[in-house]
Amino acid sequence: MSQETSHTTEPNKDLRSFLLLALGSVGVVYGDIGTSPLYAFREALKPIAHDGITRFEVIGLTSLIVWTLTIIVTLKYVLFLLRADNDGEGGTLSLLALLSKSAGKHTVVLMILGLVGAALFLGDAMITPALSVLSAVEGLKLVMPHADGFIVPISVVILILLFLVQSRGTEVVANFFGPITAVWFIVMAAGGVAHIFDDPAIFRAFNPIHAVTFLLQEKFLGFVVLGSVFLTVTGAEALYADLGHFGRRPIQWAWFVLVFPALVLNYLGQGALVLKDPQLATDPFYLMFPGWAILPVVILATAATVIASQAVITGAFSMVRQAIHLGFLPRMEILFTSETHTGQIYLPSVNSLLLIGVLGLVLLFESSDALATAYGISVTGAMVVTTIMAFEFVRVKWKWSVIVALLLLTPLLALEMVFLGANLLKIHDGGYIPVLFAAAFTIVMWTWRRGTAILFAKTRHADIPLSSFIPSIERKSDHAPVSVPGTAIFLTSDPETAPAALLHNLKHNHVLHEKNIILTIKTVNRPRATEAERFVAESLSERFSRVEIRFGYMEQQNVSQALARLRKGGLKFDIMSTSFYLGRRKLVPDAKAGMPNWQDRLFIALANSAADPSDYFRLPANRVVELGSHVII
């Protein structure tokens, strides 16, 4: 009897877990794309509204939206890219980490693409909260016509509160907001269904010929409209980046069962509403609802936009952590806000930067109409980058032939390039904002990568190989250093040479510990390192050992915990009589060598802002010794 019970409860438990993941993905993964109906259809109508909106234009525009959702989100992301994962993790930098192992001569190109894609995503993380919250709060104008002066202050207060609660972690927020977002999608679908039969001709939008005919007939104006149509798929890149949090199947089920039908029904409803009365094109989303329901829908929309913003902010935290571990950014303080979910992290410096950027955008543009013109370039740019990297992925990892890869991805890339071109038309109307953000982030990451390589090369020529250093230091002579009890652990990025901290300790203190461990911390090109590969320990002599600890780029790099497990594995040392030695370099710019002077100064500023290594690697604070030196770069 008990066996039968266990067999029946196991599938129920798995089903419940799957449904909870699917529900959670509705809030986190689809929050951004779920708020697009607030402004996307309205903005797409504006370029064609000057001379009066025709039935042909409304049906053609709705068809464009439906097929953009189908091709870009359903086919590219939900069915294809969610399978292109790096041990379960998605996103541009995960693809870069995976492909860099076998890129060969394409490494530099892939690295630049990965940096640009990550930078565009971070730019999107600034614009999304500003646009989403503004567009939701603007619904108050339909309830209180004189509320114009309160829109920006209310939006600013909501955004400040949103960023203030980030330090408390997103687990509780996500659990609470998942069901609210599900209700939001149901309400959107109900609003669409209520008006979809205002004019049944809207069902002709399912025929893609209407979308193509619209573009051909409208010519340049149709090209301009495409820039606004793309607002309907903002958030698709975050869908891929959040793959590791929920898994492929829950995300796919949530899309096909709830999100996609709700979006299509809502856009069809907005289209039918405008077909019936073109005067309602000023704000077709809110005007779908009866007067008594507008205020509750505004409140629900505001909650949905906060959730969408939360999802993008969380994605930015994850992206920056990946960039740090892959060597594209300096160490930053990373706080883990959950004992059970490693994805629940908080980066104070990134949070502050995003808050400043978001508030600046709200105060600069003041309305969702104005800000919508700045939106789209970062999203389309990131999508183009992902498609190009996906070509390399299917060729290298899935062993597709070049011809098959081209046949599948070239039409998709061509479509996205058209969308990118349409969005580039908005450069002078505010589209320069995400371009500047992306350029700044790319320069910062490229400078850090290049600067660390130059610094490594400059210090290497003065390094002493361990193979010659150890025999010379252990040789008995009158000048031999004094032997002191205990263990010294020297952190270094180069396990083949004597660490600078070790050389300075000998030079200034003239002592050598009984046991000395040369410790290197390495980030592998996978989200998580297996326990089997976590450590590589090697005895170099009676007094010297070399240890390498490996972490995945999604893991907390807690060296104290790792060393505790290493001691259980057989490496003998007493942590209470162990000292950790760190080398601290003071960098001095050299205009005649290395990078340009401005880039040298940027690199030095980044290095000075880096988190303290003893905090970052979770070393016991009372057992850390730092020794400094000057390096000219």
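Start with the aromatic rings: the count comes to 17 aromatic pairs. Rings of Phe, Tyr and Trp (its six-membered ring) pair if their centres lie within 6.5 Å; planes under 30 degrees apart count as stacked, over 60 as edge-to-face and the rest as tilted. This is a predicted model, where local features need pLDDT of at least 70 and side-chain atom pairs count only at pLDDT 80 or more, while totals for chains, interfaces and linings use all residues. Residues are numbered from 1 along each chain as its sequence is written, and side-chain values use heavy atoms, with hydrogens and water left out.

Select Trp255 and Phe260. Their ring centres are 5.1 Å apart and their planes stand at 15°, so this pair is stacked. Both Trp255 and Phe260 are buried (buried means under 20% relative accessible area, exposed over 50%, partly exposed in between; 1.4 Å probe, protein chains only).

Next, select Trp448 and Phe603. Here the centres lie 4.9 Å apart with the planes at 35°, so the pair is tilted. Trp448 sits in helix 19 (residues 432-460) and Phe603 in helix 23 (residues 597-609), so the pair ties together parts 155 residues apart in sequence. Helices (H or I, at least four residues) and strands (E, at least two) are DSSP runs, numbered from the N terminus. Trp448 counts as buried at 13% relative accessibility. Phe603 is buried too, at 1% relative accessible area.

Now pick Phe80, Phe393, Trp398 and Trp400. These form one aromatic cluster.

Finish at helix 21, residues 500-509. Which residues are buried there? Colour Ala501, Leu502, His504, Asn505 and Leu506. Then step to His510, which follows helix 21 and has a positive phi, near 55°.
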